[in-house]
Amino acid sequence: MTVELLVVGAGPTGLSIALQAHHHGARVRVVERRPETFRPSSALILHPRTLEVLRPPGVTDALLELANTAPRVDLHLDTHVTATALTDLALPDTAFAHLSLIRQTDVEAVLTRALEGRGVPVGRGTELLAAEDRGKSARAVLRSSHGVETLRCPYVAGCDGPDSVVRNCAGVGWRGRPYAEEVVLAKLEANGMPSGAGAQVFAGRQGLLLFLFPLGEQATWRLLATRASAGDTRGSVGQPGAVVPEAELQRLLSDAGTDAWIERLAWSARVPLRCGIARRFRRGRLFVAGDAAHNYSPATGQGMNAGIQDAVNLGWKLAFAASGPANGPTSGFDADVLLDSYDGERRAAAYRRLLLTHTSFWAEASTGRLPSWLRAVAAPWAAPVVPALLGRRRLVAEAVRLISQLRVHYRRSALSVEGTPPLRGAPRPGDRLPDAAVSTGGPPEELHGLLARPGVHPLLQRDALPPADALAADRVTVLRLSNSPGRGWVAVRPDGHVGFRCGAADPAGLAGWLSLIGAAPSPPVRP
């Protein structure tokens, strides 16, 4: 089989890129250095925006079947305990108004099954030795139990973690630094925990928030804590390293103020941390995404979610570039403009996310005097007002909206185009398209549900003239919203962001935008 995209790494990012690219017509191969399918889960949460972007490839329902979508959390601040449920948030513009606790292992299993069902198996036990941009193609050298092979294909996506071989082969630099703190992970059975308890969060003076999640992977409880780094440099940044002795874990529990004690320790590891970002996400035909492109602290649960959102942004662009109208000399399509937008859009988003996670991690985990004082003294003093704050649904919803990247936009992207005349009162080009109840002539339906199919979706207001040329494009599905008065058009990208809008019929503007992204009708063949 001819391969148009080689994906290196079968974590959530790599699997999502492969799924998104295949969903849009690309021929994909996935390789993974690890021979085994199971590894300890490090990520534990999927945000609403991540569930949205995974909906079109058809995996969201399978993920939700394995997730806890109504997580209960007990927040321990000194002697104060505040119980809350992170469900039914005041987020009317998404179908997923909740946080979802799910093990990374389960996310990978769902994505892997989806790919295999589409005829794209994961090539485990296959290591990338080298990757090179050759101008008109990429060259990759792979080693497996069958020997060494050389593969040539249009594009290589490096989703191979913090020590990315693809990033190193591309000569892409790194800007960042290690944290003075590290994460401790463990799976354990604990006595002294309330029966049927949900997640437990303890604020402590010595660098921590300590979390206990009832996730049931090898043991009932998952412990996650932060502490000053032990200085042991074994293991890769962001990956499980040296074992943590049971006595140290018990001391963490005791210092956090819980009476629980460890009955059985199934697994433990310390995880070195760093924050940083690659200096570029693309070099020629080589791309990096997920942990290969950016590293964050665990604060606000960004790692897996950011990688999947990278993947959905990049996957359709690689598919359009590989099989778009580039072969048509009069198409006006420039694949480099489309592919450069990945770096411009996602690196800017990564910088903003880096600021969010770094600030949050400083507040919740830094061992400095000020954050330690805030957790040990100020937080317990303010504990009585926490229930009132959590009871303000809109306030909580705005925090979730920020954390889950529902506000991410690409307004400065070359792919965000305003037509003539501009359309007022609609999302701007580059913005995420909110979900809403719409009608296309029948009973009301979820807008995002109507968009859960491959390609680009021009949305026509009730009285808008149809864009005739767009109807002939294979990658374009036009929908008329009969409950939206006006004559405007809004064209939605495959990742759910608005790409083009206009207040009245602008066929030339829409055709130009479709050509820009590689979705325009193929030019007629001249006799």
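Which residue of β14 is the bridge partner of V201? In this predicted model, the partner is F211. The two strands concerned are β13 (residues 199-203) and β14 (residues 209-213), which run antiparallel and are joined by 4 bridges.

Both strands belong to an open sheet of 8 strands with mixed pairing, ordered β5-β4-β13-β14-β15-β12-β16-β19. Because β5 and β19 (294-295) each have a single partner strand, they form the edges of the sheet, and one side of each is left without a neighbour there. Helix α6 (residues 246-255) lies across β12 (174-191), β14, β15 (221-228) and β16 (261-278), and runs at about 80° to β16.

The largest nonpolar core comprises 121 residues, of which L5, L6, I17 and I517 touch the most other members. Helix α7 (residues 303-323) supplies the largest share of this core, with 11 residues. Another core, of 19 residues, lies apart from it and includes A186, L212, L249 and I262. Returning to L6, its contacts beyond the neighbours within four places in sequence are R29, V31, A140, L142, L151, C153, Y155, V156 and A157.

T94 counts as buried because its relative accessibility is 7%, against a cut-off of under 20%. Its side chain makes a polar contact of 2.7 Å with the side chain of E52 and reaches the backbone nitrogen of F96 at 3.2 Å. Beyond neighbours within four places in sequence, T94 is in contact with P48, E52, R432 and D435.

Note on methods. Residues numbered from 1 in each chain as written. Predicted model: local features only at pLDDT ≥ 70, side-chain atom pairs only at ≥ 80, totals over all residues. Heavy atoms only, no water. Core = buried A, V, L, I, M, F, W, Y, C linked by side-chain atoms within 4.5 Å. Buried < 20%, exposed > 50% of the residue type's maximum accessible area, 1.4 Å probe, protein only. Contact = heavy atoms within 4.5 Å. Polar contact = N/O pair within 3.5 Å; in protein donor to acceptor, adjacent residues only side chain to side chain. Pairing = 2+ DSSP bridges. Axes fitted to C-alpha atoms, helices over the stretch in contact; angles between N-to-C directions.
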